[in-house]
Amino acid sequence: MIKKNTIGILGLGYVGLPLALEFSKKTKVIGFDLNKERISQLKGGKDKNNEIKNANIKKLKNIEFSSEENKLKNCDIFIVTVPTPVSKKNLPDLTLIKKACEIVGKYMKKNSIFILESTVYPGCTEKFCVPILERVSRLKFNKDFYCGYSPERINPGDSTHGFKNIVKITSGSNDQISSKINKLYKSIFKNTHRVDSIRIAEAAKVIENIQRDLNIA
């Protein structure tokens, strides 16, 4: 599956950049970020977050960094890893996810797969993202395009629990797509854990974050 796909990764921060670099070892990747300064930095072979070590980004093949959204036109898998901050009213700020969905919707084609990795509440992928994708793309969910959720589990600065060693939770909008998404992540992670629904995967991330906050407290 993966060798025939072009993967677009939207958001090149702590989560998106390592993901883009690993997938580029398997297939063509478009690393997209609206921050032009970030793109310029990565094209110059530097990562200001210092998460990418022992890798010369400039020499990597099969990856293109861009802030031009039309570069995503040949992608058939879209992975969104944008931040989800909390508003002043302590509500989820989904502004960046909304923007990412609008961009993806422009370039989705039949059988495209949209995967969200950003931290969200259970139901967000199907109740918030899907309507935007359907409206912009004019395609029908689970007929013309499909979705999945695989929560990011990056712990910045943690050299013990590295990117590849994290157990990656995966899910999809139907059984066949769930299997495809799991195989996709299995190509770069040592261990994956496929769950029965997108909502379960979203809930797993919420529970994990609550436990982390309790530990910090």
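The model is a predicted one, in which local features need pLDDT of at least 70 and side-chain atom pairs count only at pLDDT 80 or more, whereas totals for chains, interfaces and linings use all residues. Residues are numbered from 1 along each chain as its sequence is written, and side-chain values use heavy atoms, with hydrogens and water left out.

**Cysteines**

A disulfide is a covalent bond between the sulfur atoms of two cysteines, and here the term is given to a pair of cysteine sulfur atoms within 2.5 Å. A search of the whole structure finds zero disulfides. Cys-101 is in no disulfide, since the nearest cysteine sulfur, which belongs to Cys-129, lies 3.6 Å away. For Cys-124 the closest cysteine sulfur is also in Cys-129, at 4.7 Å, and this is too far for a bond.

| Residue | Relative accessible area | Class |
|---|---|---|
| Cys-101 | 0% | buried |
| Cys-124 | 0% | buried |
| Leu-21 | 5% | buried |
| Arg-153 | 27% | partly exposed |

**Helices H3 and H4**

Helices (H or I, at least four residues) and strands (E, at least two) are DSSP runs, numbered from the N terminus. Two packed helices are described by the angle between their axes and the distance between the axes. Helix H3 (residues 95-107) packs against helix H4 (residues 124-137) at an angle of about 35°, and their axes are 8 Å apart; such axes are lines fitted to C-alpha atoms, for helices over the stretch in contact, and the angles run from 0 to 180 degrees between N-to-C directions. With contact meaning heavy atoms within 4.5 Å, the H3 residues that meet H4 include Ile-97, Cys-101 and Val-104, while those of H4 include Phe-128, Cys-129 and Ile-132.

**Nonpolar cores**

A nonpolar core is a set of buried Ala, Val, Leu, Ile, Met, Phe, Trp, Tyr and Cys residues joined through side-chain atoms within 4.5 Å. The largest nonpolar core has 33 residues, of which Leu-10, Leu-72 and Phe-114 touch the most other members. Among the elements that give two or more residues to this core are strand S2 (28-32), strand S5 (112-116) and helix H6 (198-216), but H3 gives the most, with six residues. Leaving aside neighbours within four places in sequence, Leu-72 is in contact with Gly-8, Leu-10, Ile-30, Phe-32, Phe-78, Ile-103 and Tyr-107. A second, separate core of 25 residues includes Phe-23, Ile-77, Ile-79 and Ile-113.

Leu-21 is found in helix H1 (residues 16-23), a helix that is mostly covered, with eight of its eight residues buried. The buried residues of H1 pack against several elements, among them strand S1 (6-10), helix H2 (36-43) and helix H5 (175-186). Although Leu-21 and Ser-178 are 157 residues apart in sequence, their C-alpha atoms are 23 Å apart in space.

Arg-153, by contrast, has its place in the loop between S6 and strand S7 (168-170). Leaving aside neighbours within four places in sequence, Arg-153 is in contact with Ile-166, Val-167 and Glu-208. Arg-153 and Lys-180 are 27 residues apart along the chain, and their C-alpha atoms are separated by 20 Å.

Definitions and conventions:
Buried < 20%, exposed > 50% of the residue type's maximum accessible area, 1.4 Å probe, protein only.
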